[in-house]
Amino acid sequence: MLILVPHHAAATIRQAGPWGGMTLRGNHEDLAVIRGVSTRDGATFPVNTSPGQNLIAATGDVRASGYWYRVAPVLHVYWRQVSGRLGTRVPLSVFQEHLTSGYKKPGTTPYLALTYAPNLTDAFPDHNAPDIVAWRVGRDGAYPLNCLVEPSTTGISQIQDHWPVRDLQTAHVMLVGAGSIGSATAHALAGYGIGHLTLVDPDRLSWHNLVRHTTSRRHVGRSKVTALAEELTDLRPDTTVTPLVLDVIDDADRIRTLLPQSDLVLCTADGVAARRVTGHLARRAGIPAVMACVLQDGALGEILRLRPWPQHGCLTCRRQALAEHGGIDPEPALDAGYGTGTRHRPMTAVGPDLHLVAHLAAKTAIATLLERLGHPDQRLPGEHGLISLRRQPDCAPPFDLNRTGETRWLPATPPRPGCPTCETP
């Protein structure tokens, strides 16, 4: 059996007197959560789980009660020693001996108990035993149970000692496109700890999207950004998500007014026009843009970083420079939807390949923000990243990657004279 101890219950037990009662609710999967804690003077404290947490056991139909005790630290050393041995127990006399007070003698039916051992680490620094543990107390002894105590801190702040959480929690990223790559990108950005994420996409989730999208089947028919925002809020509550059912082309005027509030825009939208409009708006707003897509019927993943620097050209300038040097212009092929490849050029853009590109795009965005905030260890090797999802040795350079999984980074190319995006109006 596993007993879940919410943070508020653990705090009450640690601060209250020597013993008290507790109520639990659980299900038939041997899972229970503490819903109420009382002290020996009769005061009862309801236990609420942390905001955003709906522990499944808390809605179960199994109800139980028990007791909690303050104990001598050595009892938890015994718990550690017997918990790894099936069917072993601590004699009831030993269990009772180490309680400070309030011992309840078990009846014919065993009861559940939690014990709290203050100063455990000082007394036994090498035993790594928790300060709150669980027991099933019966007439034949006290058996150790599994117990999970909710930490006082959860979420992205758990890793703030070795990851720049504070910098990223104040950052704002606009994500244009909430499709297969976009949904996975949103999850990755939230996983990195982005504090504010604005999702832009006009489309609704359809049945055919499910094979590649991160959103679950129950959201079919809803707007992609709304469904994705709800899932992200449940999974990553440290990220504030704003869904906007907008088209970056038709609603360019509204997007333009929102971009100054963003630190970076990341575009995973399908189609040439949407990518060019996003890049143009970002350049005018003076913020970097990251473009992510797959090329060659899903054989190549591509990440383009467009920084609003004088020596860095826009998306159109990059493509024209590429064509002039004998390369290909892959933009026109981006208007074809996934799954529209021919028998001779099959589309193999399966979900995990798209998600791989999405995670590289998110990493590029995060590295761009952190480098600007003074984290030189986040510097990328270039401005144009390629990753082979399927070997393409016959492609013109720089897309001639020889092995699946191979990556290549290229520098930026300068703006072209007369470019309406790069030149100041």
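This report walks through the nonpolar cores, aromatic pairs and salt bridges of the structure above.

## Ground rules

This is a predicted model: local features need pLDDT of at least 70, side-chain atom pairs count only at pLDDT 80 or more, and totals for chains, interfaces and linings use all residues. Residues are numbered from 1 along each chain as its sequence is written, and side-chain values use heavy atoms, with hydrogens and water left out.

## The nonpolar cores

Start with the largest nonpolar core, which has 40 residues. A core here is a set of buried Ala, Val, Leu, Ile, Met, Phe, Trp, Tyr and Cys residues joined through side-chain atoms within 4.5 Å. Buried means under 20% relative accessible area, exposed means over 50%, and partly exposed is in between (1.4 Å probe, protein chains only). L189, I194, L197, L199 and L266 touch the most other members. Among the elements giving two or more residues are α6 (180-192), β10 (196-200) and α11 (351-372); helices (H or I, at least four residues) and strands (E, at least two) are DSSP runs, numbered from the N terminus. The largest share, nine residues, comes from α11.

What does L189 contact, leaving aside its neighbours within four places in sequence? Its partners are V173, I194, L197, L266, A362, A365 and I366, with contact meaning heavy atoms within 4.5 Å. Another core, of 21 residues, lies apart and includes I255 and M291.

## Aromatic pairs

Rings of Phe, Tyr and Trp (its six-membered ring) pair if their centres lie within 6.5 Å; planes under 30 degrees apart are stacked, over 60 edge-to-face, and the rest tilted. By this rule there are five aromatic pairs. F95 and W135 sit edge-to-face, 5.4 Å centre to centre with 70° between the planes. F95 is in helix α3 (residues 92-97) and W135 in strand β7 (residues 132-138), so the pair ties together parts 40 residues apart in sequence.

## Salt bridges

The whole structure has twelve salt bridges, each a side-chain nitrogen of Lys or Arg within 4 Å of a carboxyl oxygen of Asp or Glu. R256 and D253 meet at 2.7 Å, N to O. They are three residues apart in helix α8 (residues 252-258), so about one helical turn separates them. R256 is partly exposed at 44% relative accessible area, while D253 is exposed at 55%.

E302 and R275 also pair up, their closest N and O atoms 3.9 Å apart. This one links strand β14 (residues 300-306) with helix α9 (residues 272-285), and both residues are buried. Finally, R305, R307, E371, R379 and E383 are linked in a salt-bridge network.
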